[in-house]
Number of protein chains: 2
Amino acid sequence: MAPPSQKFELKTPKGQGKDMVIRDSIFSTITDVFRRHGAVTIDTPVFELKEILSGKYGEDSKLIYDLADQGGELCSLRYDLTVPFARWLAMNRDIQNIKRYQIGKVYRRDQPAVNKGRMREFYQCDFDIAGTYDPMLPDAEIVRIASEIFNGLGWKGRYLIKLNHRKILDGIFTSCGVPNDNVRAISSAIDKLDKAPWEEVRKEMVDQKGLNPEIADKIGEYVIQKGKKDLLSKLMEDKNMVENESAKAGMKDLELLFDYLDTFNVMDNISFDLSLARGLDYYTGVIFEIVMVDPVSTTFNDRTSDPSQGVGSVAAGGRYDNLVGMFSGKNQIPCVGISFGVERIFSIVKSRMAAENNFDMIRKNAVDCYVMAFGGKGFTGLLKERMSICATLWESGIKAEFLYKTKPKLANQFKAAELNGVPFCIVIGDEELAEGKVKIKEMGLRDGHPEKEGVLIDLKDIVEQVQKRLQQKKNPRIFPIFTDS
Amino acid sequence: MAPPSQKFELKTPKGQGKDMVIRDSIFSTITDVFRRHGAVTIDTPVFELKEILSGKYGEDSKLIYDLADQGGELCSLRYDLTVPFARWLAMNRDIQNIKRYQIGKVYRRDQPAVNKGRMREFYQCDFDIAGTYDPMLPDAEIVRIASEIFNGLGWKGRYLIKLNHRKILDGIFTSCGVPNDNVRAISSAIDKLDKAPWEEVRKEMVDQKGLNPEIADKIGEYVIQKGKKDLLSKLMEDKNMVENESAKAGMKDLELLFDYLDTFNVMDNISFDLSLARGLDYYTGVIFEIVMVDPVSTTFNDRTSDPSQGVGSVAAGGRYDNLVGMFSGKNQIPCVGISFGVERIFSIVKSRMAAENNFDMIRKNAVDCYVMAFGGKGFTGLLKERMSICATLWESGIKAEFLYKTKPKLANQFKAAELNGVPFCIVIGDEELAEGKVKIKEMGLRDGHPEKEGVLIDLKDIVEQVQKRLQQKKNPRIFPIFTDS
């Protein structure tokens, strides 16, 4: 599969600065929650040995980027942050438990679809809990973390945490009669049910994967079901399920998990969804996927009438108890984790801001104070005075700029300040400076405001005067992007 | 050159969490200064078209990593952040000026030397000013930024900003008689003068690069000189220099720059060093390099008696007025920038902290509050109570953890809190809970302190009680790492 040729075009040159402001806000919303739950961050290389990534991603392995053989080992670019984390755990045997988060880029040789937030190089934000603990406690905390993050983004009531258990799924498959060696393939087919109708998925299972049509129909009766505790109770009365050891273990897990999720006050957004399967090979227990549920779809994520055109899941994860052992042999460390798709979250936030006309309110840079000069005939430009005032402001941590012109026009200086939405200007002139004064002017004040034309202050007080005004001035909000009802 | 085989070993498994805490502090010290000066951040892909990187790095081009040819274009991993930035500017023609910063990983097929902070994948922090402005103003601000960053790291008086000008260097070479087509090669040789004695460099120029020995000696008289304005004045009286157009232009630049650096109050740490050449092809004007000057060398960066064993430069940069035009043709945008070597800065900070015994003071994670339970006979573990209290704390943004055990021992809970240096514990028990009370306990109080055994508070006030105590408690400092005199 050859990548198309437009790869290096950045699709959003305009507003790039604002895009990064939004992206930074998303990163900090996410990492604040991770840190709130005790996570530390680690860093792993962008490339891994090719063999480390082999056999971990099922049908998606063909999307892995390889490095050229320039001598030395064969390497590939990481496909996700989970496998490198497991490899790292396997190599650092003194670490038997850790809550870690990581923000990093991953690489997939996929068809890009920028407006859906799907690119070949993109950030993932991962949080994982590794260690041997009492059942379902880390799993419950991961779900709680997802809720805190999406609530923090202002999406309360607008997302759904779809949840399932690999052992229940496998129980369904085997009790319906799927041969063991066909379970993962059937599982992959089932996972497409969020995008394709049952008939299509059934066809794939029967025609492509050679499943007996009767078995397919039995599976169909299970996997179309969604619910919460009610669905779990129903399964727990199902003889096929109760007699299947795998299903039984999965149901016991979910019973405990739902109880904990009640305690964490996050059951509202849960959907126990038997069609959720997740494509990756390494999951062994609870799996989940967070999707947007959008009451105002057209303005929200550029959806057309076809729901499969949406941005898909915005976070996903699950329990993978055997992955570390694949690298370390005996030293098995159970793990559960979640990965947030920042690009998709970004696409949603940005289109939402555009719909609510908030995008223009975001400042391009963080400058608080533009230092400018004016003067009549014989105007020198007051360059060194501007530089020196900037140096004073910088020294106190105040974000300041001046125009890189020896003799700038006042209009050009105001224009530069306005372009970036700088909230305050310091205007200096010969006469005022001679008296030890400068003018401070808040930008964008309405006509008739008493300080519209600025206020003269003592130059020696400039730092405290600027700081005082900055504290009174609020920044435009990025989150929440939805108005709470 | 085949990479050695131990690449994927992370050399510092122990204290990885603390390492990231230090690294994060360095990143935020640096980016705070960048933002203070009005920079916005942009992001470019980790890989670029192979041809984009060709012919930009002089003798170091052999260190570029290529991606495998899996169909599609030939790509390479970025070698620095400067060339991708110039490529980005060339492609985004609506942007004619920008102050941008970027933190990202770059890749070099080099021999790693971890204790010197030299690795094959490492972070760079770049700041660049692109645009057509009055001379030397952006250049002066870049030097000011470097000073603010190293002062912010607590290195005041311990670093030196070496500075030179490509046009002066070229003027020296041509006026001494170096043929035009040998100038870059001779320049590369001169750049080694910080690590090798003059005799060795002279030998390289004469024996390997075929330079006339007399010319080499003439060059030698120039390039051993270091100074400030005094050296510039001396050069400005040198007939060879004054009559050389290139040297003249360079001297005019530096005269103005030094004047501006005075205004910015940063001349103290400047060394005008005629041996500074910088290896990269793309510089056209002022070049600079920041090195540590260390009065306490052995504890400082693991140096042996050989100064070349040190960590080398911690930041470097210069003016590159023609690089954007190499990609865009007519649309030439002059640029000046600086790149901070975070790994090297990290090596220095870390070894310095170790020397001052500050490393142990860094907390492994950010948790403020460990929620634990205790009880006598019939102790249930109070799991849901712990979970529910954590949820309350998380809801208010307080960083909290509990042990993933249904019935934990009190000692194990304290141990977990101590291990991460958590400052406060909430201890709950049946009797206290029945009265609506919990105990809050500050860790590490001295014997005899009135609150040594903790304080009973109302459960309903828990958030404000924790917040109040957190505000009073100071975090251990990471910077400055040197005690100011």
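Predicted model: local features only at pLDDT ≥ 70, side-chain atom pairs only at ≥ 80, totals over all residues.
1. In E8(A), the bridge partner of Ile161(A) is Ile270(A).

2. Now zoom out to the whole chain. Chain A holds 18 helices and 16 strands. Of its 485 residues, 58% are buried. Looking at contacts in chain A between residues at least 6 apart in sequence, 71% join residues at least 24 apart.

3. Further along chain A there is an open sheet of 5 strands, in the order E13-E12-E14-E15-E16, with mixed pairing. Which strands stand at its edges? They are E13 (400–402) and E16 (455–458) of chain A; each has a single partner strand, so one side of each is left without a neighbour in the sheet. On average, neighbouring strands of this sheet are turned by 30 degrees against each other, ignoring direction.

4. Take a closer look at the E16 end of that sheet. Strand E15 (residues 437–442) of chain A runs antiparallel to E16(A), and 4 bridges join the two. Val438(A) stands opposite Ile457(A) in E16(A).

5. Helix H16 (residues 410–419) of chain A lies across strands E12 (369–373), E14 (424–428) and E15 of chain A. Relative to E12(A), H16(A) runs at about 175 degrees.

6. Next, the two copies. Chain A can be laid on chain B with an RMSD of 0.1 Å, using a turn of 180 degrees and a shift of 0.0 Å along the axis. The two copies are thus related as by a two-fold rotation axis. How do the copies meet? They meet through the same surface, because 100% of the interface residues of chain A are also interface residues in chain B.

7. Two packed helices are described by the angle between their axes and the distance between the axes. H15(A) and H4(B) pack at an angle of about 20 degrees, with their axes 12 Å apart. That makes H15(A) roughly parallel to H4(B), as angles under 35 degrees count as such. Their crossing is right-handed. From H15(A), the contact is made by Leu383(A), Met387(A), Ala391(A), Trp394(A) and Glu395(A). From H4(B), Leu137(B), Glu141(B), Arg144(B) and Glu148(B) take part.

8. One last stop, in chain B: is Lys62(B) buried or exposed? Lys62(B) has a relative accessible area of 56%, so it is exposed, the cut-off for that being over 50%. Lys62(B) sits in the loop between helix H2 (50–53) and strand E3 (75–77) of chain B. If you want a distance to check, the C-alpha atoms of Lys62(B) and Gly337(B) are separated by 24 Å, and these two residues lie 275 residues apart along the chain.

Technical notes. Residues numbered from 1 in each chain as written. Chains lettered and ligands numbered in written order. Heavy atoms only, no water. Least-squares fit on C-alpha atoms with pLDDT ≥ 70 in both. Contact = heavy atoms within 4.5 Å. Pairing = 2+ DSSP bridges. Axes fitted to C-alpha atoms, helices over the stretch in contact; angles between N-to-C directions. Buried < 20%, exposed > 50% of the residue type's maximum accessible area, 1.4 Å probe, protein only. Parallel < 35°, antiparallel > 145°, perpendicular 65-115°, else oblique. Left-handed = near helix turned anticlockwise from the far one by under 90°.
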